[in-house]
Structure formats: structure tokens, C-alpha cells
Amino acid sequence: MAIKTAEAYVESLRKLNMEVYLFGKRVENPVDDPIIRPSLNSVMMTYELANDPQYADLMTTVSNLTGEKINRFTHLHQSEEDLIKKVKMQRLLGQKTAACFQRCVGMDAFNAVYSSTFETDQKYGTKYHENFIEFLKYVQREDLVVDGAMTDPKGDRGLSPSQQQDPDLYLRIVERREDGIVVRGAKTHQTGIVNSHEVLVMPTSAMKEEDMDYAVAFSVPTDTKGIKIIYGRQSCDTRKLEAGTLDRGNPKFGGHEALVVFDDVFVPNDRIFMCGEYDFSGMLVERFAGYHRQSYGGCKVGVGDVLIGAASLASEYNGAAKASHIKDKIIEMTHLNETLYACGIACSSQGHETAAGNYEIDMLLANVCKQNVTRFPYEIARLAEDIAGGLFVTLPSEEDLNSPEVGEYVEKYFKAKADVPTINRMKVLRLIENLTLGTAAVGYRTESMHGAGSPQAQRIMISRQSNLGMKKQLVKELLDIEE
Ligand code: SF4
Ligand code: FE
């Protein structure tokens, strides 16, 4: 079975015995937890759409490893066209969920680990690429969700991994055994970990010889002994514990991040993809980051489509849609959103084949894409807030709307256009609140800043790839300058 149904996916998660903590307590049943569930619904959408013939071309493809039909989220990109379809798929999912659907980190890790292990093996004669191919065949066959885990806690940013007072602040190998290794440390901001079957760990930065024990990559099931998941809070998250769904803004979907602790976790030999080859850690980080920076030219654009739609509807509901400044603001939002998409498509269409045979994006353009993402969603959100009016942060609750004492006042005084029911207006305003300030603001705003690397990380990559020498030479040739 290469394409799972959404229901089969949920059932497969139920079988895992993950150690998840939320509000200081162990969560016995993460699948049905009201705080966690909306994020699971978003991942379910990656299965639902893959089973919908209408989206088959974007959501599914044929594996180069097994020849079987697979979900594109488990695919090794085989062409520029595959890279473009990836971005289109992510835009589609952003539109359908208005949230982070979490499954891209695994896909981006697959493609980065596949090509990096190939090159590591060429230099060192190791067997990491073979290990990884066997692992990925299993992922494709079972249609699994894999959390790509890169970011370490990092402690004192002025010190290297091995210089830290606490050596566990970067995940490291603490024991080398005949049958595998034991690792200790943590990964922060882990997107979708509770909805994942496996966690694929990679180093967080380029490493030097003295940091050899920190140059480690592997995958283990998320319920492996020693893995502890501490769920991250989101603004307004406890609204999900309330009876109604109106105040959640996005009634069904969400995303999540968590701190994942590796408390002496055993990794068997066949699941190791890097073990001390510190000179390849920079390559792996750059490639994973590059793919994920491409991803943002899809997912954030899809969520942006929803926010633009919400702003437009809000203006219609309050009778302001025809005002020229509103129309212009919607145009500006669209222009910014499509600029992000243009970068996602551009870095894909300019992709190239790696030595291992899968396709990689154009690194400069992928970094430009993500650098724009650190800015434009903020401006799009600012314009949405402008159009929405202050009411999206001062609205009374759903319970007030339903109250026998004051419901009629809420109904009466928050009505704008006579033919638009007040509740519809409230729904749209709550969605705008959710996307700009509530639970989804993690995925749409702050993640736009820091996800796939903070802005400075892209600026370093842009500077490295800017080819200034060639640009200066152009001038010299034009002006006949000889030095
Ligand atoms: Fe996918 Fe976007 Fe979430 Fe990353 S932030 S996992 S690219 S939806
Ligand atoms: Fe992300």
C-alpha cells in the first residue's frame, strides 16, 4: 500500500506510544487531544488530497526507488517540473488548511539527506546512502510522516558545540557501540513531531573537527525510548478547549511545534546517515535549508491567499469593498503574495541535478525567496488588519453572541450590511485574528521570520552566491578598465 487514506494514517498514529507533555502533564492520547487535534487535521489533508483524483497530478507521483505510486511528500524530486509541482502542492495545502500542514520538513530532509549521503559515501566509502535508500523505501511504502529535525538549542551563540559549558546543548553522540550509537541532546521548534511516525535528525550547522561527535544524522520512530516531546504553546491556544468553534478563528486546522529531547536514545547502525563526517554537515544543512526556503514560496502563499480572501470578504461585509483605497490594498496584498510565489517557482524552474540524481533548487533564488518571506507576510498581515478594522481584536465571544441576556445586542450592534448575518462577519474577523495574532500566527508570521532559518542566515547565503567578481568584471569590460 503506497497511498494511505487519512483514516489509516490516523489509526497508524494511534499505535505509537509517544511521550508527549502538554501543560506539564503526559498526554495519553495525542490524536484526540483538543489542543493538538487541529494540527493533525492539517496533516490529514496531505492524505485526503492525495486520494482525490482531482489533485492526483500534484499530490502523487511515481517513486524512482520502487516504481510505485507514492504521495509527493515522500518523493525525491526527479526534475525541475517535480520541484515546481512541490511548490504548487504546498500552495494548495496552504489554501485548504490556512495553517502549517507540517509534512514538508520530512520531504525537504529526504532530498537533502539523499544527495549528501551519496557524496559522503563517495569520499569515505561509508554506507549511509544505502541506509537512507532502505529507510526511504519504507517511508514510501508505508506513506509515513517524518519530522525533519535540524534546530539545536545552541546555548551560547558565541561558542561552538564542543565549547559549550553544557555539552548537550547541541545533539551529539555519547556512545559508539557495535550495533549502533547512543545520542543525547534536543531539537527545538519541531514542526509536526506529534503527528509524525519518524524523526529524521540532522546537524544544525557546519562543524569542525573538534565537533565531530555533533556531526550526526539518523532516523528513529518518534516513540523510541528516551524521546520526550514537550508541546509548544501558541497564542490563544486554550480557545480550543471552549465549547464553540467561532472564537478559534480557524475552526478545524492548525499546526504545532515542540521541544524534542533525546535522553540517551539508541540508533541502530542501519538508521545512521552521518556519524562524525563533520566536513559534510555544512552541505547537509545548506541543502535542507535551501529546500525549506523554497517551500515557503508555496505554503505561505497559500495561507496568504486565505488572508487576502478574508480581508476582501471583511470589506464586502461591512460595505467598504468599493472604496478605491480598499481595492488598492487588496491589489498590494496580491502583488506581494504573488511575488513570493514567483520566487518559489523561479528557484524550482532553475533547479539542477545533484550527483546522486535527485533535483535541487537554485540556492540563490531559494534564499531570495525566503528573505522576501521574512518581510512580505508582515506587510500582507498589516494590510489585512487595516482593512479588517479594530473589531477583529475587540469582538465579544461566541458565548456572548449566544447569550440570552446580551446576544441580541451583539447581533444588532455588530451588524454592518443589512443582508449579511452578524455571525458571518464575526467568523471572518476571527479568522483574520487567528492568522495575524492567534494560533496560526506562529505559522504565518513568526515562522515567516525564523522558520527555515532567520533572515541573517539567508543574507549569508545570498552574499556567498552573489558572484560580485563577475559583476565587477562586467563593469571593467564596459569601461575598458585594465588592472
Ligand atoms: Fe510545510 Fe510551510 Fe509548515 Fe514548513 S512551514 S512544514 S513548508 S507548511
Ligand atoms: Fe517551517
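This is a predicted model: local features need pLDDT of at least 70, side-chain atom pairs count only at pLDDT 80 or more; totals for chains, interfaces and linings use all residues.
Select Val-410 first: it is buried, with a relative accessible area of 6%. Buried means under 20% relative accessible area, exposed over 50%, and partly exposed in between, using a 1.4 Å probe and the protein chains only. Val-410 belongs to helix α12, residues 407-413. Helices (H or I, at least four residues) and strands (E, at least two) are DSSP runs, numbered from the N terminus.

Residues are numbered from 1 along each chain as its sequence is written, chains are lettered from A and ligands numbered from 1 in the order in which they are written, and side-chain values use heavy atoms, with hydrogens and water left out.

**Stop: ligand 1**

Select ligand 1. Which residues surround ligand 1? They are Cys-100, Phe-101, Gln-102, Cys-104, His-292, Ser-295, Tyr-296, Cys-299, Lys-300 and Glu-447. A residue is near a molecule if one of its heavy atoms lies within 4 Å of it. By class, this shell has five nonpolar, three polar and two charged residues. Ala, Val, Leu, Ile, Met, Phe, Trp, Tyr, Cys and Pro count as nonpolar, Asp, Glu, Lys and Arg as charged, and the others, Gly among them, as polar. Show helix α7, residues 281-317: it gives the most to the shell, with five residues.

**Stop: the iron ion**

Move to ligand 2, the iron ion. Its protein donors are Tyr-296 (OH) and Glu-447 (OE), lying 2.3 to 2.5 Å from it. Tyr-296 lies in helix α7 and Glu-447 in helix α14 (residues 441-450), so the pair ties together parts that are 151 residues apart in sequence. Donors are N, O and S atoms within 2.8 Å of the metal (3.2 Å for Na, K and Ca); water is not among the atoms, so sites may look incomplete.

Show the strands next. Six of them form an open sheet in the order β2-β1-β10-β11-β7-β6, with mixed pairing. The edge strands are β2 (25-26) and β6, each pairing on one side only. Two strands pair if DSSP finds at least two bridges between them.

Start with β1, residues 20-22. Two bridges join β1 to β10, and the two run parallel. Val-20 stands opposite Ile-229 in β10.

Look for Glu-175, opposite Val-182 in β7.

**Last stop: two backbone angles**

Select Asp-264 in strand β11, residues 258-268. Its phi is near 55°, a positive value in a residue other than glycine. Asp-264 is partly exposed, with a relative accessible area of 37%.

Then select Ala-98, in the loop between α4 (80-97) and α5 (104-124). Phi of Ala-98 is near 50°, also positive in a residue other than glycine. Ala-98 is buried, with a relative accessible area of 5%.
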